[in-house]
Amino acid sequence: MADVRELVDKVAADLSFAEVSQSPVDVGEMVVKVDREKYLAACRRLRDEFGFDYLSFVTCVDYPESLEIVAYAINLETQARVKVLVDLSKEEPEVDSLVEVWPTANWHEREAYDLFGVVFRGHPDLRRILLHEKFEGHPLRKDYGSNPLLKAYE
Amino acid sequence: MMQAVLWSVLKLLIVLTFILLNAMLLIWLERKVSAWIQLRLGPMRVGRPQGWAQSIADVLKLLFKEDIVPSRVDKVLFVLGPIIAFMPALMVWAVIPFGPNFVSADLNIGVLYIAAIGSIGLMSIFTGGWGSNNKWSLISAMRSAAQLFSYEVPLVLALIGVVMLAGSLSLTDIIRAQQETAWYILYQPLGFLVFLIAGIAEVNRTPFDLSEAESELVAGWHVEYSGLRWAMYFLAEYGNLLALSALAATLFLGGWTAPFGLDFIPPFVWFLLKTYLFVFVAMWIRWTFPRVRIDQLMDLSWKFLIPVALLNIALTGIGITIFS
Amino acid sequence: MRELTSAKQELHREEMVINMGPQHPSTHGVLRAVVTLEGETVRGVDPVIGYLHRCFEKICEQKTWTQVIPYTDRTDYVAALTNELAYVLAVEKLMGLEVPERAQYIRVIMAELQRIASHLLWFGTFGNDLGAFTPFLYAFRERETLIDIFEKTTGARLTYNYIRLGGVRNDLPADFERETLAFLEKLEKGLEEYHNLLIGNAIFEYRTKGLGVLTAEQAVAWGASGPTLRASGVAWDLRKSEPYLVYDRFDFEVPVGQKGDIYDRCICRMKEMEESAKIVRQALEGLPEGDVVGKVPRVIKPPQGQAYAAVEAPRGELGCFVVSDGGIKPYRVKWRSPCFVHLQLLDVIARGELVADFIANIGSIDIILGEVDR
């Protein structure tokens, strides 16, 4: 099991634009909060410089004020894990796609688009994955309508 | 003259009934054998001891099903498919001897006739698959055309060794020759092996059932067929299996002749026993092995079976020259 | 003459787009694969999923923390206990709950028995895909014994609802150890039989060796995990790299392949069954006495925050990412399903191979649509 305390300092020095900390519930997990513009650069840096070559998942959480993108990557050699958090506004939920950095992000981002409506710029094939193509709305958002069945078939 | 013709027709009718009854028996036997190999019981309810009436129930059910001809199929080919499948399965039996005096048509070109009729059956899968106007059936039809055509060659080549030894194409002559010398399986082990493998491929049974390939092509060429048309394809398949086994028994195991002089058992029973031995072996193989792939199948035929069959012919020729 | 040569160079090839529809004997559930074929060669694969989508993640937000556990069973219904484990570990991480040692050992035993059950099912269905219909029934003969053991312990055959926050629901029945050891003996004989029947068969080797090759770089870049990743030569197993529960106390090996072809993936899974049997034996020997549930508050209200816990499921890294807002219901549950990630791999490994290999590829990845679609 890795302890990322030292890694946190190194990454904080390298990614000056990010807030880097150790997760309060998990000593092996590092939390990196970045702005939307620096998201792709930060992820690329984490992969190239710090060896986080394995992406576990990319998902989204619908908070009252914002949509938060969570990208979770692992360094297979040191077993360190990093959680990259980006806040997006609900009116304009757009962010860069991570497909160039980790090809596996493809379907994760499609799912986030499908269920939350987040648009990933630069994604090669952004279309719905779990719901059918003519579905309207993004169900996992907290404000998804009270009678979704009617909405989908209108 | 009239009597001879009537006698021929009677023999043909008997053979026809025999085939149909046996095909139904084979359906039940396959389900039972597969069940026992798979640690199950198989049909048990329809007909109390071991579900013997299951085949009758199945055939009745298929007879009463709605005859569906999908609207977009090629109607002529769609209807023709099962007919082309069924006819050769029946026609082959005309030359197979059941006993010393019981052969429907003692043709002196018996083996050639069988090879020719067998080639007609090849077209049945292709006709049905193409006529179904369905991508899956199309793949299956292409595969079957390639497969059946490739395996015709080693099958016929394996027969040549037997013909060389017996000196005749007539099946009754071949049996008589085996009575004088010994069963040809002893003289033609290579030929027998090639015949068995090519034969199982010709009858479309696992490990060579690529055209059907349930797990890949759903049902291959017969996916659009239902009811009696489908039943005809399947009766034809079992008829073919039976014909192949009967042929193997006739050509390599002496047909209706009794081994070790056990003459008190009638020849017809010996014939049945030997045929069903091969049927059982074919079923055993089916439920044990996985399926080969189409290119591996073609490799097996062209790169292995045909050279071995040719080698067999050469060795037989040398053997005949040395020992006669 | 110029026209002739240019006509020769543009040999017209037709590509056929075929739909391996949601109903198909070999797509292991309702997977739809839109395959572009050129003759029998696969030129592209587009898996279409969502036919088994049951809104799992949305439902989790409407139920209390404990009520979510039966829903997790139904994602990967073949290895249900592993799902419960992933969710429960994530919530326990968030709450900082202590789990008594006996419960940890029981969880390990259950998880490893689940792995064996899942691989047995995979073995049977993979044989079916290749056309060998008999191994399926032989594998299920063993699996039935195992399911009986599960039924005696948890009360259910397929979806157990057994692991709870802070421990497990009830203690093991009295004859659990005897029956499990008897089963493991049967399993050894069974594995030998499977080798003789299918794995050692020449036709099986023709159908699996050198096909569906996934290199180590591709596997890591595409997020593969479990036997799919290890067959490509990457020795990553969560039980060894980030030991959870009490896995660090057991002596077992993790089979790693070399070439990343279908055959290696199969051998990895067969060997994993043997290793799981080892772990179960060791766990049964060292099983301590004690409670099976720790101190858990009456009303579960994890503090605000996020936590992620991953377990080594039979299919790969199964993870659960939970977000809590301090209430009695989860705010967000994200299910990181290994099969979801592996389906993307189909396009990578199936290109340039034949249709029959495509079926073998799907089987070798070992997907369960319940987990993919949630």
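The following paragraphs describe the chains, their contacts and selected local features of a predicted model. Residues are numbered from 1 along each chain as its sequence is written, while chains are lettered from A and ligands numbered from 1 in the order in which they are written. As the model is predicted, local features need pLDDT of at least 70 and side-chain atom pairs count only at pLDDT 80 or more, whereas totals for chains, interfaces and linings use all residues.

The secondary structure of chain B consists of 12 helices and 0 strands, where helices (H or I, at least four residues) and strands (E, at least two) are DSSP runs numbered from the N terminus. Along the sequence, chain B accordingly reads α-α-α-α-α-α-α-α-α-α-α-α. The radius of gyration of chain B is 20 Å, in agreement with the value near 20 Å for a compact globule of 324 residues; this radius is taken over C-alpha atoms, and the globule rule is 2.2 Å times the number of residues to the power 0.38. Taken along the principal axes, the C-alpha atoms of chain B fill a box of roughly 65 × 50 × 45 Å. Of the 324 residues of chain B, 46% are buried. A residue is classed as buried if 20 or more other C-beta atoms lie within 10 Å of its own, as exposed if 12 or fewer do, and as partly exposed in between, with C-beta atoms placed from the backbone. Among the contacts in chain B with a separation of 6 or more, 78% are accounted for by residues 24 or more positions apart; two residues are in contact if their C-beta atoms, placed from the backbone, lie within 7 Å.

Chain C contains 15 helices and 8 strands. For its 374 residues, a compact globule would have a radius of gyration near 21 Å, and the value of 22 Å for chain C agrees. The C-alpha trace of chain C spans about 90 × 50 × 35 Å along its principal axes. Buried residues make up 55% of chain C, and residues 24 or more positions apart account for 71% of its contacts with a separation of 6 or more.

Of the 2 pairs of chains that touch, chains B and C have the most contacts. In this pair, 23 residues of chain B are in contact with 27 residues of chain C. The elements of chain B that give two or more residues to this side are helix H5 (135–166), helix H9 (214–217) and helix H12 (294–323). By class, this side of chain B has 11 nonpolar, 5 polar and 7 charged residues, where Ala, Val, Leu, Ile, Met, Phe, Trp, Tyr, Cys and Pro count as nonpolar, Asp, Glu, Lys and Arg as charged, and the others, Gly among them, as polar. The contact between chains A and C takes 26 residues from chain A and 28 residues from chain C. On the side of chain A, strand E3 (54–62) and helix H3 (105–116) are the elements that give two or more residues, and E3(A) provides the largest share, 6 residues. That side of chain A comprises 17 nonpolar, 7 polar and 2 charged residues. No contact joins chain A and chain B, and their closest C-alpha atoms lie 25 Å apart.

In soluble globular proteins, nonpolar side chains tend to be buried together. The largest nonpolar core in the model has 236 residues, and those with the most contacts inside it are Val32(A), Ala71(A), Ala248(B), Ala86(C) and Ala90(C). Such a core is a set of buried Ala, Val, Leu, Ile, Met, Phe, Trp, Tyr and Cys residues joined through C-beta atoms within 7 Å. Beyond its neighbours within four places in sequence, Ala90(C) is in contact with Ala307(C), Tyr308(C), Ala309(C), Cys320(C), Phe321(C) and Val322(C). A second, separate core of 5 residues includes Ile125(B), Phe126(B), Ala141(B) and Trp221(B).

Helix H13 of chain C (residues 338–350) has 13 residues and reaches 18 Å from its first C-alpha to its last, close to the 18 Å expected at 1.5 Å a residue; the expected span is 1.5 Å times one less than the number of residues. A kink of about 35° in H13(C) is centred on Gln344(C), the bend at a residue being the angle between axes fitted to the seven residues ending there and the seven starting there. H13(C) is mostly covered, with 11 of its 13 residues buried, among them Gln344(C). Just after H13(C), Gly352(C) takes a positive phi of about 85°.

In chain A, Ser66(A) lies in the loop between E3 and strand E4 (67–74). Ser66(A) counts as partly exposed because it has 14 C-beta neighbours inside 10 Å. The C-alpha atoms of Ser66(A) and Asp87(A) are separated by 6.2 Å, although these residues are 21 residues apart along the chain. Not counting residues up to four places away in sequence, Ser66(A) touches Asp87(A), Leu88(A), Ser89(A) and Lys90(A).
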